[in-house]
Amino acid sequence: MEFPNTDDFLMEFGIEPVEINPSLSLCRYIKKSHNSELEVDFSFSAAMGSFQVVLRLAEHELAIVSSESVKIVELVRDDAGAGVHVVFDICNSTSEAWVMLEPDVSCRWWTLRNT
């Protein structure tokens, strides 16, 4: 599993982890919206090969999504914005997550069957 380090997140987005667990190779980050009470709480663990996202609005959990079989976690920036792109290696499927951090927080997650 490939993933960025804490310095990458600090340099790219100005955020530091709210939790680090070296025994699980786990890092957890929270990014709040500039326009609303929405926040995205995401974490990944190299030891478990997992990625998790929690979307909250005014401290109420709206959605919790997680998956194992992470292949890569990468920081991306394009015309749509900037954030974290995750690719999962789930047999016979294409599965990805896009956690947008700029210009505002959001999350897209999809799994498509390869035929």
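**Close-up 1. Tyr29, a buried ring.** With a relative accessible area of 0%, Tyr29 is buried (buried means under 20% relative accessible area, exposed over 50%, partly exposed in between, with a 1.4 Å probe and protein chains only). This is a predicted model, where local features need pLDDT of at least 70, side-chain atom pairs count only at pLDDT 80 or more, and totals for chains, interfaces and linings use all residues. Residues are numbered from 1 along each chain as its sequence is written, and side-chain values use heavy atoms, with hydrogens and water left out.

**Close-up 2. Aromatic rings around Tyr29.** Searching the whole structure turns up eight aromatic pairs. Rings of Phe, Tyr and Trp (its six-membered ring) pair if their centres lie within 6.5 Å; planes under 30 degrees apart count as stacked, over 60 as edge-to-face and the rest as tilted. Take Phe9 and Tyr29: their ring centres are 4.1 Å apart and their planes sit at 25 degrees, so this pair is stacked. It links distant parts of the chain, as Phe9 is in helix 1 and Tyr29 in strand 2, 20 residues apart. Phe9 and Tyr29 are both buried. Tyr29 also stacks with Phe42, with centres 5.5 Å apart and planes at 20 degrees. Since Tyr29 belongs to strand 2 and Phe42 to strand 3, this pair ties together parts that are 13 residues apart in sequence. Phe42 counts as buried too, at 0% relative accessibility. One aromatic cluster includes Phe9, Tyr29 and Phe42, along with Phe3, Phe44, Phe51, Phe88 and Trp109.

Close-up 3. Two strands pair if DSSP finds at least two bridges between them.

**Close-up 4. Two hairpins.** Strand 1 and strand 2 form a hairpin with four residues between them, and Ser25 in the turn has a positive phi of about 50 degrees. Three bridges join these antiparallel strands, 1 and 2; Asn21 has Leu26 in strand 2 as its bridge partner. Seven bridges hold strand 2 to strand 3, and Tyr29 has Phe42 as its bridge partner.

**Close-up 5. Ser66 on strand 5.** Strand 4 (residues 50–57) and strand 5 run antiparallel, joined by seven bridges, and Leu55 has Ala63 as its bridge partner. Ser66 is found in strand 5. Leaving aside neighbours within four places in sequence, Ser66 is in contact with Phe51, Gln52 and Trp109 (contact means heavy atoms within 4.5 Å).

**Close-up 6. Cys27 without a partner.** The whole structure has zero disulfides (a disulfide is a pair of cysteine sulfur atoms within 2.5 Å). For Cys27, the closest cysteine sulfur is in Cys107, 18 Å away and too far for a bond. Cys27 counts as buried at 11% relative accessibility, whereas Cys91 is exposed at 66%.
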